[in-house]
Structure formats: structure tokens, C-alpha cells
Amino acid sequence: MQKNDRIRLKIEDMSVDGEGIGKLEGFTFFVKDAVIGDTVDAKIMKMKKHYGYARLMEIVESSKVRREPGCACARQCGGCQLQAMDYEAQLDFKAKKIQNHLIRIGGLEGIEKPEVMGMENPWRYRNKAQFPFGADRDGRTVTGFYAAHSHAIIPCMDCRLGTEENQEILEKVLSHMEKYHIPAYEEKTGTGLLRHVLTRKGFATGEIMVCLVLNGKSLKAADELAKSLQEIPGMTSILINVNMKNTNVILGTELIPVWGQEYITDCIRDVWYQISPLSFYQVNPVQTEKLYDTVLEYAGLTGHETVWDLYCGIGTISLFLAKKAGKVYGVEIVPEAIADAGRNAEMNGTENVEFFVGKAEEVLPKLYEEEGIHADVIVVDPPRKGCDQAALETMVKMQPERIVYVSCDSATLARDLKYLCGEGYEVRKVKGCDMFAWTVHVETIVLIQKKTS
Ligand code: SAH
């Protein structure tokens, strides 16, 4: 078998990245856009020693769980990987992914397929979007989404995961750029001005933020664009973010207000939050409620406990827990997020919280050595790379009764659980929460408890 050969495959499994997996003559093939249960004709694109990659050419027999993608550009766009898969089947895929990681990477025994909490209506759930701007082959300015594993822009202004207002915002920005001949940023040369448009919406309040990420500090006739954007109901905050570095990181650190407030407000259950552009905020508000409810349940608070909330962002989980705890301490690396967290505590009249800026792996060991801090419960919600070893070691030294681990990457979660389970802890409960429908990503919540025997 070699490149360009056409092969017929029965798709029997799915990779963690969402490709269909089929076997032929001892080789394993990965086929993007193929779904478990399909029989497909595919063209070999790349051969390795024991496996290969093939391109879906034709569906010979459609899987029972195959569905029409909800978005016209689903195949080109790198954002979603599972749009051709029935929603229930997706949840099952995610449950298996969590289970596999915990068993294979975590070395854990007796892990069953966890429940994954799904959405009733899994569309238009994202409260945040970041649209790259660039030029197409004819030199016209376009915006949309990056193709998979590439920075080629697929023009698409209405992502069905995002809010309906995004399209109008982008149209207004594009027509402003055309009118004033404002060039989009070009990655290769580092020239041009507009890099990205970031939008955020508070689903509970309807407040909208638009942040223009520039390779510079000002935009021609910015006031005129701001005026036009204000016609969109809910517009609350318009800002420029300065990013003049040649980097893949979307946002720079400098913010210049253009119009309105420098933040938006939102509410999860009965806790209010102020969110600035540089702060992390969960992107799926409907599922965030379920996620935080589960964290609260696993934390098992009775009103007296001391809780540490590591990687706390704008203090979302901290404030949720504070109602049921004696005292909550939050630790977060982004100073703007901690500034938000402080304001959020004040806004909610929560007095039993305290926040620290810094890396969890530095702040926690330092406070433990110098002040002998104590915790009954530790909650962690780290980025994809998981917890740093120094943070994990201090957590173990602090000997909390319970650890609640919230993770957006079950592979690094499994690695960290392996360590904790070797240090006197055991996994008691595991639940998934589908924060990112139609993509391969899944959030996992784990209750880890001190071993009793
Ligand atoms: N628990 C919060 C935020 C979770 S996202 C919520 O639910 O909203 C993870 C957060 O960890 C981000 O805010 C990120 O800025 C922060 N972070 C990343 N690396 C960190 C580190 N080494 N130490 C502390 N915080 C970190």
C-alpha cells in the first residue's frame, strides 16, 4: 500500500483527536471526518511503518450515528472535529476518552465509563470567540476560522457555536477596514494592523464586549466604528488590545479603552462576575453551572472548611464555594484576573475569600514553608498542561481531606492522578461535563480523597 492508493475501510473506532480508525492488512488508518460505524472509501495521504493517514473520499455505508453537520464549513474548519457525529454518540466518545486516559495513563483500576453531562441544545453555546483576520488569495480582507493544523483562514462569519451577534460585529469591522483601507495583519511579514477580533457576551446580562487586537496602538476613525458597533443591542465595552509581537499568542498585555466600560458583567446561578478581556472565563455558561454544582457537591462543605482554589481565574469557583466554606483562598497567575476576582468578591459581598497573584507552583510551596498554611479541601482547575509537580507535592504535604480536580485535558489529569494516588489518595468519583459540543474536548471533574485504610 502506498500514497494515493484508494482503500475501503470499516471505521471501528475513533482517535482522541476525532479521526475515524479503520484497519486493513495489519495497518491502522486514521481518516478525518469518518465516523465510527461508517464504511468509507479513502485515499492514502501518508504511510508510516504500522499506520497511515487517509482522506475521506466517499461514504459507502453510513454509520447509524452519522448526521448532517450543522455548519456548512465543518469539514474545512479546524474548530470542530465531531460535527458529523450524533450528539449522544459524541457524549459516549468523550466518556470513553476519559475512561481510557484514566486507565492507560493514570494506571487506575476499577474506573467505569463516567457519566458525561450533555446539553439540551448544543448550539450557540460559546460566550467568547476570537476571529483571525487576513487576506485571501486575491488580497481581499477576510475573517473566519483557521483550517485544521494551519493558519489558512476559512472565511466564515457565523460560527454556529458562537452568538448570533458575531456576524454583525464582523461585518461592521470589515466594512470599516474597507472604507479606511486598513490592512489585516500578515503573519509572514509582521506587517498590517488588525490581527483578531475578540468578542464576549454575558449570557445572563446580554452585555457584549468587542476587543480589536492590533499590531499597533490606534485604529483610523475608531470612534466611527465604535458608534456603528453601538447599534448592536447589548454593546457594553469596546477596546483595543495591543499585540506587536510576532507570536501565535492572540492577546497582548496592553489595553486601550475605545468606548464604554472596560469589562462586562455576567452571572452564574446567583453569583455575579466582572470579566475583563485578559481574564479567563468559562466559555459555556449553561454547562458551567453544572460544572460548578458538581465541584460544590464533591467538595462536601459543611460551612467550616478552609478551601484552596488553585488556578482560580476571576474567582468564579472560589465565590461559589465561599458560601458553604469557612474561608476560601484563590491563587491565579494573571494579575488582571485577580483584580477582577477582588472586585467580584466585593460585588457579591463575600468576605471570607482572599486572593494571591502568582504561579500555583510557587505561591503554594512558599506559603506552606513560611506560614504552614492548611487546607481541608483543595480545588484545582489548571490549564491543559495540568498541575506542576511542585504544586502537587505541596498539595500532598498539606494533607487535605479531599481534592477536587477540574480538568480540560484528561491525559494530563490522568498523569496527575497517578502521582496523587501514589501518595496516599484515591479516586472516588469521576464525571464529565460537555463544555465543548462538536469538538473532541471534554471537561472532567474528579473527587480524590485520602485513603482510609
Ligand atoms: N477556575 C477558573 C479558571 C480556570 S482556567 C474558572 O473556572 O473560571 C485556568 C486558569 O489558570 C487561568 O485563569 C490561567 O490564567 C491560570 N493559570 C495558568 N497557569 C497558572 C499557574 N501556573 N498558576 C496559577 N494559575 C495559572
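Which backbone atom, an N or O of what residue, lies 3.2 Å from a nitrogen atom of the ligand? Keep that in mind as you read these notes on what is a predicted model.

1. Let's start with the answer. The residue is Tyr311: one of its backbone N or O atoms lies 3.2 Å from a ligand nitrogen atom. Ile333 also uses its backbone here, with an N or O atom 3.3 Å from a nitrogen atom of the ligand. Asp381 takes part through its side chain instead, placing a polar atom 2.9 Å from a ligand nitrogen. On its own the ligand has 580 Å² of accessible area, and the protein covers 90% of that.

2. Now look at the whole shell. There are 17 residues around the ligand, and those that come nearest are Gln282, Tyr292, Thr316, Glu332 and Ala360. By type, the shell holds nine nonpolar residues, four polar ones and four charged ones.

3. Next, some helix packing. Two packed helices are described by the angle between their axes and the distance between the axes. On the H1 side, Lys97, Ile98, His101 and Leu102 make the contact, while H9 brings Ser410, Ala411, Leu413, Ala414 and Leu417. Sorted by type, the residues of this contact are six nonpolar, two polar and one charged.

4. H9 has another partner to look at. The axes of helix H8 (residues 389–398) and H9 come within 11 Å, crossing at roughly 35°. H8 passes H9 in a right-handed crossing. Here Gln389, Leu392, Glu393 and Val396 of H8 meet Asp416, Tyr419 and Leu420 of H9. This contact is made up of four nonpolar residues, one polar residue and two charged residues.

Key. Residues numbered from 1 in each chain as written. Predicted model: local features only at pLDDT ≥ 70, side-chain atom pairs only at ≥ 80, totals over all residues. Heavy atoms only, no water. Near = heavy atom within 4 Å. Polar contact = N/O pair within 3.5 Å; in protein donor to acceptor, adjacent residues only side chain to side chain. Areas by Shrake-Rupley, 256 points an atom, 1.4 Å probe, with all protein chains shown as cover. Nonpolar A, V, L, I, M, F, W, Y, C, P; charged D, E, K, R; others polar. Contact = heavy atoms within 4.5 Å. Helix = DSSP H or I, 4+ residues; strand = E, 2+ residues; numbered from the N terminus. Axes fitted to C-alpha atoms, helices over the stretch in contact; angles between N-to-C directions. Left-handed = near helix turned anticlockwise from the far one by under 90°.
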